[in-house]
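These are my notebook entries on one structure. I record below what I looked up.

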Amino acid sequence: MDFVPWLLLPVAAAAGWWSAHRASKKNNTNTTPELNDQYVRGLNYLLNEQPDKAIEALINVVDTDHETVNTHLVLGALFRRRGEIERAIRIHQNVIARPTLTTEQRETAMLELGTDYLKAGVLDRAENIFRKLANKQSQNKRVYQRLQEIYEQEKDWQQAIAVTEKLNRLGDKTQASRIAQYHCEVAETSLNKKNLSDAKKAIKSALKYDERCFRAHLLSGDVHVAQQDFSKAEQAYQKVFQINRGFAPIAYDRMFTMYATQNKLDDLLQDLEAHDLETNAAARYTQLRAYTMLQNERAVRDFLHAELARKNASPILVKRYLELMRESTDGDVQQTFATLHELLDVELANYRSFRCTSCGYDTNTLFWNCPTCRKWGTSKPNRFMSIEYGQDLD
Ligand SMILES: [Zn+2]
């Protein structure tokens, strides 16, 4: 059993406080020295890396002296932080079982025990405790934050919305964009089930909390596509890149798919003329995709030549150019283009499309809720995607 010394430092400090506290008390009132002995024995077990015996000894102290409750709460929290959840649960359960606790001590111990269960993944028990606490401490943000964590893990978005609205009402205005994300989760599920009216309602609720939620606008475009209302879909997609230019590649990709499935890529090309093609690389890349799908080889060639003449030529477009040259040449020249293409391909394989701006997690999938730091809306298209579209987002 490894038992790192750092754990002992705050415990020793707490014990020091406790001894001092008892010493000063000794001057005024009667005290029981044997309790102190038992405490020292418990600490010795800790020092000898025998945490279970230590807990036993320390619990005996709390059995007879409720003044040590705070020390036990510190010890329990330390065990939890070390990942020793079962020990933390044992300590906190024992504290709660004491009949002499003050209301404040009992509720603090309940909060700790609920947090233990949450960390252990025993979500129903954790929920039960925090629900009880919410009735007792209706203004305690920590209680609602824990419930929020539980409902997020359970993907119970309606409950998550309810507790986060409560946090919002308690003055935490940073929660508004999170509530919008929860509504987007509901919208996405409804859209997948082809329940378009529920999806629309959820999108409306998302935008009520955060009108700049580009995920909601993206979903709104998707719902309009499902309803075959293509002009409204296009308006929604355009809104996405008006709000956040970084997400232009995703919005243009949806627009491209929408026009392609209708066999209307000529119309898309015409519409794109009205976009600021000079500065909007995502729009230019969409142009190239349309030319390619329409098999307009001349337009593809002209486009790539023009793109390569730009100051910040995109490596992805250079790759496309090399492909084109590889296909239209032969012999040694073809081999040279093939080798260059391969080299560039290997280089580009190291890039990931998205990066979390909060924790730096790189991925090729867009996660609205970062799987590493659990923050919402922090994943952004990174240089790979920006390079793909010849756009510098940094
Ligand atoms: Zn993250």
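Is K194 buried or exposed? I noted that K194 counts as exposed because it has 8 C-beta neighbours inside 10 Å. (A residue is buried with 20 or more other C-beta atoms within 10 Å of its own, exposed with 12 or fewer, and partly exposed in between; C-beta atoms are placed from the backbone.)

The model is predicted: local features need pLDDT of at least 70, side-chain atom pairs count only at pLDDT 80 or more, and totals for chains, interfaces and linings use all residues. Residues are numbered from 1 along each chain as its sequence is written.

**Positive phi.** K194 is not a glycine, yet I found a positive phi of about 60 degrees for it. I located K194 in the loop between α10 (176-192) and α11 (196-209). (Helices, H or I, of at least four residues and strands, E, of at least two are DSSP runs, numbered from the N terminus.) R374, also not a glycine, has a positive phi of about 65 degrees. I found R374 in the loop between β2 (362-363) and β3 (379-381). R374 is partly exposed, with 13 other C-beta atoms within 10 Å. Most residues other than glycine have a negative phi.

**Core.** I looked up the largest nonpolar core, which has 78 residues. (Such a core is a set of buried Ala, Val, Leu, Ile, Met, Phe, Trp, Tyr and Cys residues joined through C-beta atoms within 7 Å.) A187, I203, A206, L219 and A251 touch the most other members. Beyond its neighbours within four places in sequence, A206 is in contact (C-beta atoms, placed from the backbone, within 7 Å) with A180, H183, C184, A187, C213 and A216.

Note on methods:
Contact = placed C-beta atoms within 7 Å.
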